[in-house]
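Open the model in your viewer and keep the selection tool at hand. Each stop below says what to select and what is there.

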Amino acid sequence: MTHPHQRLLIIDFGSQVTQLIARRLRELNVYCEIHPYQKVTDAFLKGFAPRAVILSGGPDSVTREGSPRAPESLWTAGVPILGICDGQQTKMTQLRGRVESGHGTAEFGRAFVTPSDEKLAILDGWFDDGREQVWMSHGDHVSQIAPGFRVYGTSPNAPFAITADPERDFYAVQFHPEVHHTPKGARLYENFIRLAGFTGDWTMASYKDDAIARIRAQVGDKKVICGLSGGVDSSVAAVLIHEAIGDNLTCVFVDHGLLRKNEAAEVVAMFRDNYNIPLIHADESDLFLGALEGVSDPEVKRKTIGKLFIDVFQNYANQIEGAEFLAQGTLYPDVIESVSFSGGPSVTIKSHHNVGGLPEKMGLKLVEPLRELFKDEVRALGRELGLPPSFIGRHPFPGPGLAIRCPGEITREKLAILREADAVYIDQIRKHGLYDEIWQAFVAILPVRTVGVMGDGRTYDFACALRAVTSVDGMTADYYPFTHDFLGETATRIINEVKGINRVTYDITSKPPGTIEWE
């Protein structure tokens, strides 16, 4: 099946911010894909047939023998090409320019670029005030531009900060236009895609129709089961698939007893009442909580929950006669990370809980209708499908649920206290109109009791920690700067309304060094 959208190819040389390039382009209604340079062969390039190509930055030095390169056929493909940072240097090297290391020309951080006297269409809207702020991050530098290129912008340590060969639609910049520290970076991308002839045909309305057609073509009249967590990703996937195949979809909602207050009832009501989607509500809370009794190690908690989830899901799925497909809410960042630039090993910070391993174990084929989307695009698709705004905008919730917000041993008593405290906290955030400003907010109940005084009497109850962070993608995060008035009011409400807590703290740790969740 040919791809229905105009496509842009991002060749990844290993930059930490390559995903930001894709996000900027998607925001401009341009469909793009990131592929590591090793994968982009001449044959791949021909098959992908991009309308334009962007070369990302990267950590390697083009002066090193064997360093990354773009396929030679790229230069004669007849499409506009934009090189960024290391992408610029790679381009110069392959087109017979020269790049050198050292000599005091490295630049890291904020810099200012001034224009040459010549005009360049990709810079429309730039240099109105004589110079532009950009973000640099390079050790090597271009010392001689390739034949056919001219200089259109310089910075103190980058005499070839902006170069181009307009006749061939080749452009190269030494800075990173995708980061917010380059204020007019988005304008540069807008100009580039306009020059490349993109019409902005990537919209969620068109994606929805394309995805429904693809699901029908893949599944036919066979049955699909979907592991529903109640989160945004699996919910959007379920509603989309239901639009495509109707009652041939059955959702299995595994309730492990570690959900927030009223959450199970809300999820079941939304899917059964609003969408009439066949749903199995598997209330296995006794099984999960029994297995977790006496467990305090966070990794053991996660692995216990993950293994039980697979067993329970499989038991219920086996009751659905003729199911041949398993639906998952895999997103594009997961896909990118699974075919990373280096492919090297990384440290396991904590195990992730999903339905990984199920397709092989159950002999099912995968349906992943969101695998081309970023999180914000999933929310946009949810709006297109008519999911309630309050549901689409929900904060992320971890697969192991409240288990990892309850450091130490899990008990039903502690979970009940935690649910009540969390409900009060979220109600406060909504009451103050802050919910949509925050990436994630929750309460963690601490494995200590503290002495307090209430009504002239001594108390010996649990302490809790409030957590709220701002983030773009969850990879890095900073704490939300609540006012002291908000924190004081919230602490008073929790202590007054939640029996079992007599002390409230606020977690001001960023990520890194901390993680967003406590375990």
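**Stop one: strand β3**

Select Leu 55, which stands opposite Gly 83 in β4. This is a predicted model, where local features need pLDDT of at least 70 and side-chain atom pairs count only at pLDDT 80 or more, while totals for chains, interfaces and linings use all residues. Residues are numbered from 1 along each chain as its sequence is written, and side-chain values use heavy atoms, leaving out hydrogens and water.

Helices (H or I, at least four residues) and strands (E, at least two) are DSSP runs, numbered from the N terminus. Two strands pair if DSSP finds at least two bridges between them.

Now show β3 with β4. They pair in the parallel sense over three bridges.

Which way do the residues of β3 point? Ala 52 and Ile 54 point one way, Val 53 and Leu 55 the other way. All of them are buried (under 20% relative accessible area; exposed is over 50%, partly exposed in between, with a 1.4 Å probe and protein chains only).

**Stop two: helix α4**

Select residues 185-195, helix α4. Gly 185, Leu 188, Tyr 189, Asn 191, Phe 192 and Ile 193 are buried there. What do they pack against? The partners are β1 (7-12), α1 (18-27), β3 (52-55), β4 (81-84) and β11 (170-173). Gly 197 follows α4, and its phi is positive, near 85°.

**Stop three: Ser 234**

Select Ser 234 in helix α6 (residues 232-245). Is it buried or exposed? Ser 234 is buried, with a relative accessible area of 9%. Ser 234 touches Cys 226, Gly 227, Leu 228 and Ser 229, not counting residues up to four places away in sequence. Contact means heavy atoms within 4.5 Å.

**Stop four: a pocket**

Select Lys 261, Glu 266, Arg 394, Ile 426 and Arg 430. Of the 19 residues lining the second largest pocket, these lie nearest its centre. A pocket is an open set of points on a 1 Å grid over the protein atoms alone, where a 1.4 Å probe fits, with protein on both sides within 12 Å along at least five of seven lines; lining residues have an atom within 4 Å of a point.

α14 gives the most, with six residues.
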